[in-house]
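This briefing concerns the arrangement of the chains, the contact between two of them, and the pairing of strands. Please consult the sequence and the structure shown here while reading.

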Amino acid sequence: MPLWQLFVPEDAYSPEDKIGFAEDITKIYSEGVGLPRFYVSVIFHDVPKHSFLIGGEPRSEFVRVSIDHIARRFEELPERLGLPQDVDLAGQWRDVCAAVLKPWVADRGFNWELHTDETPIAYWYIDGLTPPPGWSEQEKTWAEENRATPYAATDEVPA
Amino acid sequence: MPLWQLFVPEDAYSPEDKIGFAEDITKIYSEGVGLPRFYVSVIFHDVPKHSFLIGGEPRSEFVRVSIDHIARRFEELPERLGLPQDVDLAGQWRDVCAAVLKPWVADRGFNWELHTDETPIAYWYIDGLTPPPGWSEQEKTWAEENRATPYAATDEVPA
Amino acid sequence: MPLWQLFVPEDAYSPEDKIGFAEDITKIYSEGVGLPRFYVSVIFHDVPKHSFLIGGEPRSEFVRVSIDHIARRFEELPERLGLPQDVDLAGQWRDVCAAVLKPWVADRGFNWELHTDETPIAYWYIDGLTPPPGWSEQEKTWAEENRATPYAATDEVPA
């Protein structure tokens, strides 16, 4: 969690670009909500123009992003982050995504579309382990060590 | 929305085939439920036979389709389209999909499987904008112009 | 159902490996919950190192698995399989997945992450047909014949 799949035009991004782009995505989670960096999976699909159709037309200046969220639910963020209960989460997430995509996508003249799904946290595993509860001490340890390590299941979720 | 990912046998479809196939998919949404054409993303994954396993067997005459719906929910369609409340939506969507896949898949002797997920509309964005409400005047404008343009957020959803 | 997408390092698995790996995945469903083998779709994405970023770093010893479940819901399994109602389904599914991934992933020194989504059963089709109800006689027939065949819709789901 999260899994970002980016469908990008073939040859649009160099290996260095992809590292920079993925770094910006990773920071959303590591700096924004305290997730371990290694939770963030970014997969680039270099799609040939004839396999990438938007509105029926082959496109080579379009980036389509599909995101699966697992470890964090939008609805828990106001309480966890001390935000007002009526915060416009959808608008905030839009602006976070748009800011990350700006230098890599919009500023290059590409159009983009992005959608975000939330999938069940219970059926998510890393290296044979059930990841520790969100916001727990053990999760912080995983974040500090940047890897999955066995932990006692009694680790409590802070209220 | 929607995002159609088609896992197809490598070299099964020419670039011209893909345009025709994507056009038929696009019309489901543009003609069927009034969506802007550019909402429809179609990605073809040309999968080598040894990477495409159905029931454990490598297949080169199979098409697997995975669809994410975002802008339209099945449950709203009866009221919006003036259909009986007890309409068999699952059966109708099956028949729509089967009709689109018939010339491109079934008639070529390929087997197929398709599933459709519905993902949260709130966390979906295009070119930095939150798309206008479904069935709104602004959505119609986007459909007519076939691109995303800024709009006043006070645009109302017709009842 | 299910659809397993495996994002694997380019050239990590030979065609023979993929057949063996997919066979182990298929048995989870055919032997575990009686699904027809041909319901199990396994797609390998051979991802170049520079397109496969975990925590912002290009990785060539990591396997990311994304699963869509359709035909079986976790919540129905205790009753169907005669398990205690308070069985730890999430823990059991973790262990099943970890066992399948052990020889192909962990034992090769690769790290892995896997998540499982459950998508709507109603909007899932095979070869133009709505698959028979789970655990029905017709589903058993499909499993025995390992292909989709027309059936009477009145086929009942056993209680």
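Predicted model: local features only at pLDDT ≥ 70, side-chain atom pairs only at ≥ 80, totals over all residues.

**Contact between chain A and chain B**

- Chain A contributes 27 residues to the contact, and chain B contributes 29 residues.
- On the side of chain A that touches chain B, at least two residues each come from strand 3 (52–54), strand 5 (62–69), helix 3 (89–104) and strand 6 (111–118) of chain A.
- Strand 6 of chain A gives the most to this side, with eight residues.
- The residues of the side of chain A that touches chain B comprise 13 nonpolar, nine polar and five charged.

**Strand pairing between chain A and chain B**

- Strand 6 of chain A and strand 7 (residues 124–126) of chain B run antiparallel and are joined by three bridges.
- A:Leu114 has B:Tyr125, in strand 7 of chain B, as its bridge partner.

**A sheet with strands from chains A, B and C**

- An open sheet of seven strands has the order 7(A)-6(C)-5(C)-1(C)-2(C)-3(B)-4(B), with mixed pairing.
- Strand 7 (124–126) of chain A and strand 4 (57–58) of chain B stand at the edges with a single partner strand each, so one side of each is left without a neighbour in the sheet.
- Within chain C, strand 5 (residues 62–69) and strand 6 (residues 111–118) run parallel and are joined by eight bridges.
- C:His115, in strand 6 of chain C, stands opposite C:Ser66.

Key
Residues numbered from 1 in each chain as written. Chains lettered and ligands numbered in written order. Contact = placed C-beta atoms within 7 Å. Helix = DSSP H or I, 4+ residues; strand = E, 2+ residues; numbered from the N terminus. Nonpolar A, V, L, I, M, F, W, Y, C, P; charged D, E, K, R; others polar. Pairing = 2+ DSSP bridges.
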